[in-house]
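Welcome! Have the sequence and the 3D picture ready, and let us walk through them together.

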There are 2 protein chains.
Amino acid sequence: MNGAESLVRTLINNGIDVCFTNHGTSEMHFVAALDRVPGMRCVLGLFEGVVTGAADGYARMAEKPAATLLHLGPGLGNGLANLHNARRANTPIVNIVGEHATYHRAFDAPLTADIEGIARPVSAWLRTSPDARAVAGDGAAAIAAARAAPGHIATLILPADTAWNDADGPAEAPAPAAATKVSAAAVAAAAKALRSGQPALLLLSGTALRREALTAASRVAGKIGARIMSQTSNARVERGAGRVAAPRVPYPVEHALAVFKDVRTLILVGAKEPVAFFAYPGKPSRFAREDCEILTLATPAEDTRHALEWLADELGANGAAPSPEPRVRLAPPAGKLTVEAIGAAIGALLPENAIICDESVTSGRGFHEQTKGAAPHDYLQLTGGSIGLGLPLATGAAVACPDRKVLSLEGDCSGMYTLQALWTQARERLDVVTVIFANRSYAILRHELTQVGAKNPGRTALDMLSLDNPALDWVAMARGMGVAGGRATTADEFVKLLSHGFSARGPFLIEAAI
Amino acid sequence: MNGAESLVRTLINNGIDVCFTNHGTSEMHFVAALDRVPGMRCVLGLFEGVVTGAADGYARMAEKPAATLLHLGPGLGNGLANLHNARRANTPIVNIVGEHATYHRAFDAPLTADIEGIARPVSAWLRTSPDARAVAGDGAAAIAAARAAPGHIATLILPADTAWNDADGPAEAPAPAAATKVSAAAVAAAAKALRSGQPALLLLSGTALRREALTAASRVAGKIGARIMSQTSNARVERGAGRVAAPRVPYPVEHALAVFKDVRTLILVGAKEPVAFFAYPGKPSRFAREDCEILTLATPAEDTRHALEWLADELGANGAAPSPEPRVRLAPPAGKLTVEAIGAAIGALLPENAIICDESVTSGRGFHEQTKGAAPHDYLQLTGGSIGLGLPLATGAAVACPDRKVLSLEGDCSGMYTLQALWTQARERLDVVTVIFANRSYAILRHELTQVGAKNPGRTALDMLSLDNPALDWVAMARGMGVAGGRATTADEFVKLLSHGFSARGPFLIEAAI
């Protein structure tokens, strides 16, 4: 057994059975080992950002890491933006990067690069295997590091000779530990602050946005008269009819400041202190008041559901009725195709138990209100702010959950960064409906240009924010990658295409001309 | 004047008047400054790999750097692979990366990342501007660092508040220095080694592959009976009829070893010691014999033409006639569409003074023999081995040379990494003919799977090297980005489409089904 095979066996023995890959020569022994070891599903991406973004979407839904396989430093570079996003989502990934043979590195061949240097900014764990017999143990250590709560990116660099030389066999990773329970002191402090009667807000993220944790938060909030909100961006939210809604902190600074204007007690549950996404001249970075008491009930690495249930118990709220959203049955919209019509159509037609991956950025802000009473669903967002995650995220989620419909909401601009994901969706016959919000501009940047105080943008600046010359034809691009689709210019057309996409199996794309 | 404007003025005053950009909120003041300062051509890319690859192609042809504008750490990450390639080509680039406002970084907002950490592996010069008044001086230092021979990547990180706060004005960079002349000792040593009568080879790269340097090399070689070759990959070669040909060191290890089997004197002129691109089990990394004397006549940073002319003088070869290639007029091919037919068609139809950007990898190896007597042209290659440079490289070369036809030779697999370049070609109406070698597989990797000794690849491995499920339709994808094109299935169709592409102006794509 060579090093590559020892790694493949280590992955499979420890429950990692999906590998998203964009490989090259230095990873050929790993690819060859896949033939000798049954049990690994390999999913090819034609660009590394697809690979890493899909690994993110997969792990968010599968609740266990996938492996990636990338080609040396530049291949890792191409995957870096979506590793950044995954890091911000606390997603576990076993990120395997091929490298030149140990003895070949000194010759500075063209592809030689400082792989560890490139990996370090996104990796919680990082190791280059020194020889073939170390590979299985290093793989097991990477798995353990990736799975450690709340989830991490573990990068294992595999020189080619460590893959092809003889190894001993697979290694075992420790079983994933349960999330740490919070301390009684943390619960007592939160309870005390909430009992003070000051205006309070529970800010949730991470695992606190799953059904049971939301229910406990709802009991606490109902008892105390506090509000529940979620971070602006979250890895995964269980929402829709029957679940407790946690409205997002708005993105625009003014709106966010208004949310926190009166809040004197802020309890963080798997969330971070709320700050502005970007700095703007003359506007604050922090949203909470100076005199707001900020307490952490549970960090993202801790058991948020247990913490919230304990807090409810402490406050005598365990018997209280939570406030889940009632089912709202909307009529499908007609007439002009607007962002609101798209939201209404999704609210009306969304199948039960769907997964929504949302990178529509500017186009989808009304969407949350329109879908909170829709069929229950999981809602996955861009957490790291680097656009180009959406299509890969949907791809990975569909690999993880073959029996659930995935709805991928994407901007025409952000979709362009990783459009190659559509090919993987076609190749794997993934059940993904993609909606492209085709406004043909960097709409958010037009807004941002004003926000940063850049006055009277002229022709050059506006030209740099426009995508209409030439117009992108997403239906043609999708067809070029084997994905069927259609363009909707009215709400009626959109409803018809969305109904078709939801009822058929396999990937389908709708370009929504808004 | 704010910091952003002081930087734009510094760039323009120092002759940098093209900026390839994919910007976000943190770069909005830079974008706004472009309206206030005339003279900068901004070229938008829909993905950062397009931006950095185009900056590479631009500088190789313009012989001066372009600026780039990238959005924080993840945007830089997306551009990293083509910065790696540019670094290997010794291409000068003023690589500007936006960053959060200095005071905002501590809040760890979603897009916060270790930008310096990501930039370091590809940057010869790296600085984060501390405040607005430093930006112009930092910009001038970046320009100087980028222009220092043989050309470097200088990364300037620009926190948003250094762009919007008040600055003093532009700064001046020192004029680019002429390349250093080699020492008399280096020339004397090379002359002595060549006079020894041992089998000798001049290995050229960098500026040694321009017309005059090749002519001098030809005189030396003719006088001594030495061979001239070029590296396997080179940033830019002046070749075709009337120029001296320098055949490439072959990529396959066995073929390369055969080239150097009898060489006892190896003179490096702007080249590095030849080594294998990858390591393979049981095969050597170095190509030269153990007993081969290896001398550096000129490093890439030195004046290679002067060195070769001096060497010719020292050897009494200055009067010798060089051996340029005669013009060969091929008949356009007919019948089956093969790689050879494509090479023959290009040899027959190539317009005068064209620029060929070649990332066809496996498909184009016969091409060199077929085009050495074609109309004179510049030939640009992938130097860093990270596929996904070709389409952006052609884009940048076309921006640099609007009066020259650019021919972009691309693999269907490698083209997918940065296909967004086609949109920029359409938007800028660039005169680029793209030929996609559509073999619908990672052809080179099938070869590499055997080379690394992975025996009897099975279904999984072969499936991972195949692109035919679904087949990519490049004509549809190009149309989706505003580029017209057609698919050729016979040599006759290919000749017809290529003739059309060469005679029309603007971007055109041919999918060659081979």
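Which residues in α20(A) are buried? Let us begin with that helix.

## A helix and its buried residues

This is a predicted model, in which local features need pLDDT of at least 70 and side-chain atom pairs count only at pLDDT 80 or more, while totals for chains, interfaces and linings use all residues. Residues are numbered from 1 along each chain as its sequence is written, and chains are lettered from A and ligands numbered from 1 in the order in which they are written.

In α20(A), the buried residues are Ala491(A), Phe494(A), Val495(A), Leu497(A), Leu498(A) and Gly501(A). A residue is called buried if 20 or more other C-beta atoms lie within 10 Å of its own, exposed if 12 or fewer, and partly exposed in between, with C-beta atoms placed from the backbone. Helices (H or I, at least four residues) and strands (E, at least two) are DSSP runs, numbered from the N terminus.

Helix α20 of chain A covers residues 491–503, which makes 13 residues. From its first C-alpha to its last it reaches 18 Å, close to the 18 Å expected at 1.5 Å a residue; the expected span is 1.5 Å times one less than the number of residues. Its buried residues pack against α12 (339–349), β15 (432–438), β16 (484–488) and β17 (508–513) of chain A.

## Strands around β17 in chain B

Now look at strand β17 (residues 508–513) of chain B, where five of the six residues are buried. Two strands pair if DSSP finds at least two bridges between them. β17(B) runs parallel to strand β15 (residues 432–438) of chain B, joined by six bridges, and Val435(B) has Ile510(B) as its bridge partner.

Strand β16 (residues 484–488) of chain B also pairs with β17(B) in the parallel sense, over five bridges. Here Ala484(B) stands opposite Phe508(B). Together with helix α19 (residues 491–503) of chain B, β16(B) and β17(B) make a right-handed β-α-β unit; right-handed means that, with the strands pointing away from the viewer, the path from the first strand over the helix to the second runs clockwise.

## A four-stranded sheet

Chain B also has an open sheet of four strands with parallel pairing, in the order β8-β7-β10-β11. Its edge strands, β8 (227–230) and β11 (293–298) of chain B, each pair on one side only. From one strand to the next, the twist averages 25 degrees. Angles run from 0 to 180 degrees between N-to-C directions, and axes are lines fitted to C-alpha atoms, for helices over the stretch in contact.

Five bridges link β10 (residues 265–269) of chain B with β11(B) in the parallel sense, and Ile267(B) stands opposite Leu295(B). Helix α9 (residues 211–224) of chain B lies across β7, β8 and β10 of chain B, at about 170 degrees to β7(B).

## Where the chains touch

Two residues are in contact if their C-beta atoms, placed from the backbone, lie within 7 Å. The contact takes 81 residues from chain B and 81 residues from chain A. Helix α4 (residues 72–88) of chain B gives the largest share of chain B's side, eight residues.

Why does Gly24(B) count as buried? Gly24(B) counts as buried because it has 23 C-beta neighbours inside 10 Å. It sits in the loop between β1 (18–22) and α2 (28–36) of chain B. Beyond its neighbours within four places in sequence, Gly24(B) is in contact with residues including Leu445(A) and His71(B). Gly24(B) and His71(B) are 47 residues apart in sequence, yet 5.5 Å apart in space, C-alpha to C-alpha.
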